[in-house]
Amino acid sequence: MFSYAGKILRVDLTTGKISTEQLSEEMAKSYIGGIGLGIKLLMDNSKPGTDPFDPANPIIFATGPLSGTMGPTAGNGYAVVSKSPATGGVGESKAHGFFGPDLKRAGYDAVIITGKADKLSYLWIDDDKVEIKNGENLKNATVSETDTRIRDELGDYYIRVSAIGESGEKLCRFAAIINDEFRAIGRTGMGAVMGSKNLKAVAVRGTNDVNVADLDGFTEFVKLIHERMKGPATKKYKTLGTPQNVLVLNSLSALATRNWTNATFEGAEKVSGEYLNEHYVKKIVGCATCGMRCDHIAVVPEGPYKGSTSRLEFECLWSLGPLCGVDRLDAIIEAMRIVNEYGMDGISIGVVVAFAMDCYEHGVITKEQTDGIDLSFGNAEALIEIIHKIGKREGWLGNVLAEGVAKAAEIIGNGAEKYACHIKGLELPGYDLRTLKTAALGFSVSFRGACHLRNGAYSPDVKGKVNRFKIEKGRGKMIVPDGNLYNVIDSLIVCKFSRGTYYGGMDDLSNYYTLATGIPITSAELTLAGERIENLARLFNYREGKGTREYDTLPWKIMNTPVPDDGPAKGLVVNNEEFQLGLDDYYVARGWTSDGLPTVDKLKELNLSKYADMLPGGKD
Amino acid sequence: MVRPQDRKFVSADPDKCVGCVVCEYACSLTNEKTFNPTKSRIRALRMGPLNNIAVACRHCEEPACVAACPRDALSQEENTGIINVDEEACDGCTWCISACQFGAMMMHPQKKVVFTCNSCKDQEDGPQCVKWCPEEALTFVTAQQLAQKSRISAVRNLFQEAKE
């Protein structure tokens, strides 16, 4: 078994016990790595009903089979998996940059961390030497300070650090884990799970070789992908970047604005990718081993936030901009910078602030409750102020909002839940689902909550392949193949920005896998692995009481407040009838029951029979 | 006999380098037949997202590493300027590492002797990091060419009409 390390590290922060065990070839081939391996380890290493903040909830750092190789984008990733404090189901997120390859070179396919340290600590993985170090002096340190201070303390500039900021320590339910300054394990609150374990950071130095099975074949394949990366498949990411979506979505009445009140934004030009690149982007940099580059580094040249520097992608630009009605890029860049420093999910934070603004404008929360901040839509200064409060859990509102929109709405009451835009407890990403209805269906069935990256269901809508104003029969079936593919991508940990370079789809990916690992795999087997991961995640959610049809929902506003903007989309909502039709269609296509659960036969087909007695009636 | 100003070395353009470390992987692939940046003869460094550069041996005229070596383990090739390490003679004392102002001399993690860029002299098409660099930030150049490049860009900046 090449390119895998063949080893899993276990760390118990309560007892300080550190041990390793083998990764079997069967496990590797069945679950690939990344989120697949992570979800499998989560399922088998946790008891049903464990609170996400209970020390017994494991948090798993997993590399992919290609991490540490020269594979472009797949060479540089890692994933984090745990039970999510946002959703109560599967939490998972991936990040690229430089951390993942060092973890692989240190000799690990996965690290399973359980327990809780008695004081703030960090984990130091120096090849096979693993230590739990005192991190008390890092209390409330920003992500970048933590990174710098740990590297100083350990005396090696090239050590890679994956850390939480103040918000993770304070158990903000959408806290992120961040490596290499701005690369985030962003979604599903993984940073808060670290915080609950008193684990400030994982620092790693890996110096071992990573060898592939067929060095010449692998090198040729990498050369081919590098060539393709120079072509049209990556052009968007290398030029305007994802912020190009601002004007595209705006023209489609799909740019969610002022907390899904409007579907177009009058200030779109001022926060467009075009404007950003012309006035703010200083350089586009890249991650380890990548033949493309996408990190648009924006610097504010003048004004109150002069010098503020941050990487900016569409999702966070949108959540901190149009969604809050803010049309000032200088404030958006500064907001993004501090969100990274507190260590928060850049999508969720914007949705949380927009939720608060919506509540404020509707009189659900008062100026007294905001500590005097005028939380009107469009107030850029208020955006920055409230982010600081949430990051520190300061004041009544800051503390409540750090719980995420679902729980915050429960605490606030007074009808606030109508303004809370989330699915399964995870805040919605940047698409107006009233006008992109395949996406609406795709987001609702995602096992980690509202997500555009679990099945890419926005793609047929945006590309005009379907009537996006309607959910029709067949739409559920349509999103299944990409759902499986995305599970494979996130288990190989290929960056989704580069997915267009794998022209051959699963054929390319299976070839890539075999060249590296030496484990033969067909594209059909790889597709099956993607399906296995989807079903296992669904089962985990079911085990935790969250896996059935009633949890595949859409936010109230998406189903009840018609698009007010003039144009072809005017008056649209997702109605319940079409939505239920879509769910039925999807469950049938997945081979699931009408309650959205895998059948015993389906589990057998996927080699998951050992979990069959979890199903209703499965014990008979 | 190659004139000193005509000796070639690997140089990174800081405006183009994005810190992707593809050069490090290309180097370890070529020279060590594995993937391991700690065995790379060129190392990239990022200080804040905007400041990226890759550094390799510059084949100095009066190489401080050679002068520093107490065991005569280092020597410079006359024609290419490449620093050769006599792996039998080197005892890993690291004087040469202290002496090099560029951090281009390093300790090999397994062989326990120092190592540095050999310009991929065994490769027909020259340094492989240069071939692989996705940003064309690396070039295999002479001191002469570097100076010319700077002058050309200075003149372009000065005279608008000379701009491309």
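The centres of domain 1 and domain 2 of chain B, taken over C-alpha atoms, are 20 Å apart. Domain 1 of chain B covers 1–56 + 117–164 and domain 2 covers 60–116, with bounds from an automatic or database domain assignment. The contact between them takes 14 residues from domain 1 of chain B and twelve residues from domain 2 of chain B; two residues are in contact if their C-beta atoms, placed from the backbone, lie within 7 Å. On the domain 1 side there are six nonpolar, three polar and five charged residues. Here Ala, Val, Leu, Ile, Met, Phe, Trp, Tyr, Cys and Pro count as nonpolar, Asp, Glu, Lys and Arg as charged, and the others, Gly among them, as polar.

This is a predicted model, in which local features need pLDDT of at least 70 and side-chain atom pairs count only at pLDDT 80 or more, while totals for chains, interfaces and linings use all residues. Residues are numbered from 1 along each chain as its sequence is written, and chains are lettered from A and ligands numbered from 1 in the order in which they are written.

Chain B has five helices and eight strands, in the order β-α-β-β-α-β-β-α-β-β-α-β-α along the sequence. Helices (H or I, at least four residues) and strands (E, at least two) are DSSP runs, numbered from the N terminus. Buried residues make up 41% of chain B, a residue being buried if 20 or more other C-beta atoms, placed from the backbone, lie within 10 Å of its own.

Chain A has 24 helices and 17 strands. Its radius of gyration is 23 Å, close to the 25 Å that the globule rule gives for 620 residues, so chain A is as compact as a globular protein of that length. Of its 620 residues, 62% are buried.

Where the chains meet, 17 residues of chain B and 26 residues of chain A take part. Helix 1 (residues 22–32) of chain B gives the largest share of the chain B side, three residues. That side has eleven nonpolar, five polar and one charged residues.

The largest nonpolar core has 250 residues, of which A:Ile60, A:Ala356, A:Leu383 and B:Cys23 touch the most other members. Such a core is a set of buried Ala, Val, Leu, Ile, Met, Phe, Trp, Tyr and Cys residues joined through C-beta atoms within 7 Å.

Key: A residue is buried if 20 or more other C-beta atoms lie within 10 Å of its own, exposed if 12 or fewer, and partly exposed in between; C-beta atoms are placed from the backbone. The radius of gyration is taken over C-alpha atoms; the globule rule is 2.2 Å times the number of residues to the power 0.38.
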